[in-house]
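Here is a short tour to read alongside your sequence and 3D view. Please keep both open as you go.

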Amino acid sequence: MNDKIKEAFEQIQAEDELKQNTKNFIFDKTNGYKKGKAINYHRLASAFACIAFLAVGSHWLYFTPTVEISIDINPSVELDVNRFNRIISFESYNDDGQKLMDSLDIKFMDYSEAVNQIIESEDVVSLLSDGEVMTIAVIGTDNAQSQAILSNIQACTAGERNAYCYYAHSEEVEKAHEAGLSYGKYKAYLELQALDPAITVDEIRNMTMREIRDLLSALSGGGNGGANRPGNGNGRQNRGNRKR
Amino acid sequence: MAIEQYSNMVRRLCMIHLKNYADTEDIFQTVFLKYVLSSVSFDSKEHEKAWFIRVTINACKDFLKSFFRSHVTSLDEILEMPAEMPEDYREVLEAVLSLPQKNREVIYLHYYEGYTAPEISRILGKRVNTIYTLLTRSRQMLREKLGGDGYE
């Protein structure tokens, strides 16, 4: 009897028309609202999309450098500063720079503190007291942040006689990086090259800023250059004129 | 979608309880709308199936109890079965449908859906012993109607 009853019931099937009518009815009543996994899946997917978007967005916000600070004495280093005034990365352009960077832990530090640490580090202090020249270039895209950083750094270095601060636009800096120099040296290199086309990037890379400056004044001043530093005052003025 | 999955079962439960096709359509709408709108979260497929059985049976009973049904008698109270159904199946179904309603339910749940008496008691909210009694009694009645030969 079991099978017989089962088979008999098996004959009863919901008609397609009945199913279709029911579907239409449900659809009308619910405006196409669907129950079950589909909805959870969609919610989950959109939640993940939001999280991913936020993560990518904040990563981008934080890790996009907006301003670079290029410091050259002989150690040539560049600090990338994000929009929150934090150092997100740094690069050294010669061995001395590498040594300097290895001795400091400035990652994610506020830029003014980092610059202070660099200026006050033993190497830099001794170089400066030997009469070396330090240039600090603030490289940005003409925004308020770079102006603020520049004035801040100018204030920091006001006590140093041989320090020069100036501003540069980021487009110029790309060329410097292509040549493998930090911006301060690249700028000096361009000036030198105008006077002496034979000069090469490799020669520049390991010269100190003082040597470059002396060479510059020697070339431009027709041999009056030398160990004394007549160029300093002029240098500061010139730099000032180049500010944008 | 749930309609594809459960429509045959709901259709059979309707057949057990109702007399005509128009009512079946009403029940379909009631049951599946309830499913879509309900916030029940099902632990398993079995849970969901049992939910459908209970809701369908309740919907059918509510429908039969309703004022309209109890005061108006439909003209087409003829059981609509597929015309091409073989004779012996028709005979069995007619026998089942001639039983009282509560016997029909347990017959369907036991013989077709394969539920045991304790499971049926849980779905219908009745005592297990009641289900055993109903099953035994239904079996006897079917045997009488179908002549007893070959049925146990």
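Predicted model: local features only at pLDDT ≥ 70, side-chain atom pairs only at ≥ 80, totals over all residues.

## Cysteines

Residues are numbered from 1 along each chain as its sequence is written, chains are lettered from A and ligands numbered from 1 in the order in which they are written, and side-chain values use heavy atoms, with hydrogens and water left out.

How far is the sulfur of C60(B) from the closest cysteine sulfur? That sulfur belongs to C14(B) and lies 4.4 Å away, too far for a bond. C60(B) is buried, at 0% relative accessibility; buried means under 20% relative accessible area, exposed over 50%, and partly exposed in between, using a 1.4 Å probe and protein chains only. C165(A) is also buried, with a relative accessible area of 9%.

## The sheet of chain A

Chain A has an open sheet of five strands in the order 3-2-1-4-5, with mixed pairing. Here strands (E, at least two residues) and helices (H or I, at least four residues) are DSSP runs numbered from the N terminus, and two strands pair if DSSP finds at least two bridges between them. At the edges are strand 3 (87–92) and strand 5 (163–169) of chain A, each of which pairs on one side only. On average, neighbouring strands of this sheet are turned by 20° against each other, direction ignored.

Because seven of its eight residues are buried, strand 1 of chain A is largely enclosed by the rest of the structure.

## Helices of chain A

Helix 5 (residues 111–120) and helix 7 (residues 144–156) of chain A have axes that come within 11 Å and cross at roughly 35°; axes are lines fitted to C-alpha atoms over the stretch in contact, and angles run from 0 to 180 degrees between N-to-C directions. Where do they meet? Y111(A), S112(A), V115(A) and N116(A) of helix 5 touch A148(A), I149(A), N152(A), I153(A) and C156(A) of helix 7, with contact meaning heavy atoms within 4.5 Å.

Also in helix 7 of chain A is S146(A), buried at 0% relative accessibility. Leaving aside neighbours within four places in sequence, S146(A) is in contact with V67(A), V138(A), G140(A), T141(A) and Y167(A). Further along, K175(A) lies in helix 8 (residues 170–178) of chain A and is partly exposed at 49% relative accessibility. Its C-alpha atom is 8.5 Å from that of Y186(A), eleven residues apart along the chain.

## Chain B

Chain B has eight helices and zero strands. Of its 152 residues, 49% count as buried. Among contacts in chain B with a separation of 6 or more, 63% are between residues 24 or more positions apart.

Note on methods: Disulfide = S-S within 2.5 Å.
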